[in-house]
Every structure is written in structure tokens, then in C-alpha cells.
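Subject: Structure handover and findings

Dear colleague,

Please find the structure below, followed by an account of what was found in it.

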Amino acid sequence: MSDDERIMEEYRGPSRQYPKVERKFFIRIAVGIVIILLGIIGQQINVELSETTILVPGPDPGAGPSEVSSGIDVTRTGGMLAMLVGAVVNLKAIMNYREEYGEIKDTEKRPETLFILVTLGLTLGAIVLAGSFIL
């Protein structure tokens, strides 16, 4: 494939460019929010596992089993990392959307500011929700 053909493939064309830009934007935002929510789920699993006990056979077979703590410590590292990665993914998606929409802004008017504000609100909401479970 020559350079001219590659450039023509990358060029979005003159009509209806915004559906492709918006679809990529919303997919990226959804991925970021899913990452944040997976951090909540992982943190809750960690908490549940740390509170469990295990029945092990005691030294005397007639005495029955004894309960032992699972030995899993609760850390917030995984949940905080998921919050950070999800926030970075969403901020990167917003920056990419602004850049890509800036190329077609003159020909196709879309509510760019509204999209950005809604996605920032969703991201902040997901971070606050994750923070309430993780911290």
C-alpha cells in the first residue's frame, strides 16, 4: 500500500464524519467506566476474602476442626489503581474527542461541550462511587 492510499484511508471523507468520531468516544468512555467499576468489584472481593475463615483439622483428630483466618489482608491498592486507570482512560478519550471533533467542527455542528460535560460528570460519579466503596 502506497503512502497516498494510506493517507486516503485515514481521511474520514466529506460527509457524516461525526458518527464514527462519537462512536469511538463513547466506547472509550464506557471502557474507562467499566475499569473503575471492576476496581469496585475487585475491592469488594478482597474485603470478603479477608473476612473469611477456613476450617482446618486440629492436632487432635477427636477434637474436630478449628477455624483459622484466611490470612488475606485488605489493601486498597487494586481499587485505587483501577480508579486512576479508568480516570486516565476517560480523560484521554475526552482529549482525543476534542482533537478529532476539531477537524470536523466547521462542517458538522454537534454539542461538543455537552458531550464533554456529561462524560466528565459520569467519570466523576463513577470515581465518587468507587471511592465510597474503596475508601
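Of the 135 residues in the protein chain, 28% are buried, where buried stands for a relative accessible area under 20%, exposed for over 50% and partly exposed for what lies in between, computed with a 1.4 Å probe and with protein chains only. The chain exposes about 9100 Å², of which carbon and sulfur atoms supply 64%; these accessible areas come from the Shrake-Rupley method with a 1.4 Å probe, and for residues only the protein chains shown count as cover.

This is a predicted model, in which local features need pLDDT of at least 70 and side-chain atom pairs count only at pLDDT 80 or more, while totals for chains, interfaces and linings use all residues. Residues are numbered from 1 along each chain as its sequence is written, and side-chain values use heavy atoms, with hydrogens and water left out.

The protein chain has 4 helices and 2 strands, and from the N terminus on its elements run α-α-β-β-α-α; helices (H or I, at least four residues) and strands (E, at least two) are DSSP runs, numbered from the N terminus. Among contacts with a separation of 6 or more, 69% are between residues 24 or more positions apart, a contact being heavy atoms within 4.5 Å.

Helix packing comes next. Two packed helices are described by the angle between their axes and the distance between the axes. Here the axes are lines fitted to C-alpha atoms, for helices over the stretch in contact, and angles run from 0 to 180 degrees between N-to-C directions; angles under 35 degrees count as roughly parallel, over 145 as roughly antiparallel, 65 to 115 as roughly perpendicular and the rest as oblique.

Helix α2 (residues 18-50) and helix α3 (residues 77-104) have axes that come within 8 Å and cross at roughly 175°, and the two helices are therefore roughly antiparallel to each other. The residues of this contact divide into 17 nonpolar, 7 polar and 4 charged, with Ala, Val, Leu, Ile, Met, Phe, Trp, Tyr, Cys and Pro counted as nonpolar, Asp, Glu, Lys and Arg as charged, and the others, Gly among them, as polar.

For α3 and α4 the packing angle is about 180°, with the axes 10 Å apart, so this pair is also described as roughly antiparallel. On the α3 side the residues include Met83, Leu91, Ile94 and Tyr101, and on the α4 side they include Phe115, Ile116, Leu120 and Ile127; by class, the contact has 13 nonpolar, 5 polar and 2 charged residues.

The axes of α2 and α4 come within 9 Å and cross at roughly 5°, which makes α2 roughly parallel to α4. Among the residues that make the contact are Phe25, Phe26, Ile29 and Ile33 of α2 and Phe115, Leu122, Ala126 and Phe133 of α4, and the contact as a whole divides into 15 nonpolar, 4 polar and 1 charged.

A search of the whole structure finds 5 aromatic pairs, for which rings of Phe, Tyr and Trp (its six-membered ring) pair if their centres lie within 6.5 Å, with planes under 30 degrees apart counted as stacked, over 60 as edge-to-face and the rest as tilted. Phe25 and Tyr97 form a stacked pair, 4.3 Å centre to centre with 25° between the planes, and this pair links helix α2 to helix α3 across 72 residues; both Phe25 and Tyr97 are buried. Phe26 and Phe115 form an edge-to-face pair, 5.4 Å centre to centre with 80° between the planes, which links helix α2 to helix α4 (residues 112-134) across 89 residues. Phe26 is partly exposed at 37% relative accessible area, whereas Phe115, at 16%, counts as buried. Ring pairs link Phe25, Phe26, Tyr97, Tyr101 and Phe115 into a cluster.

With kind regards
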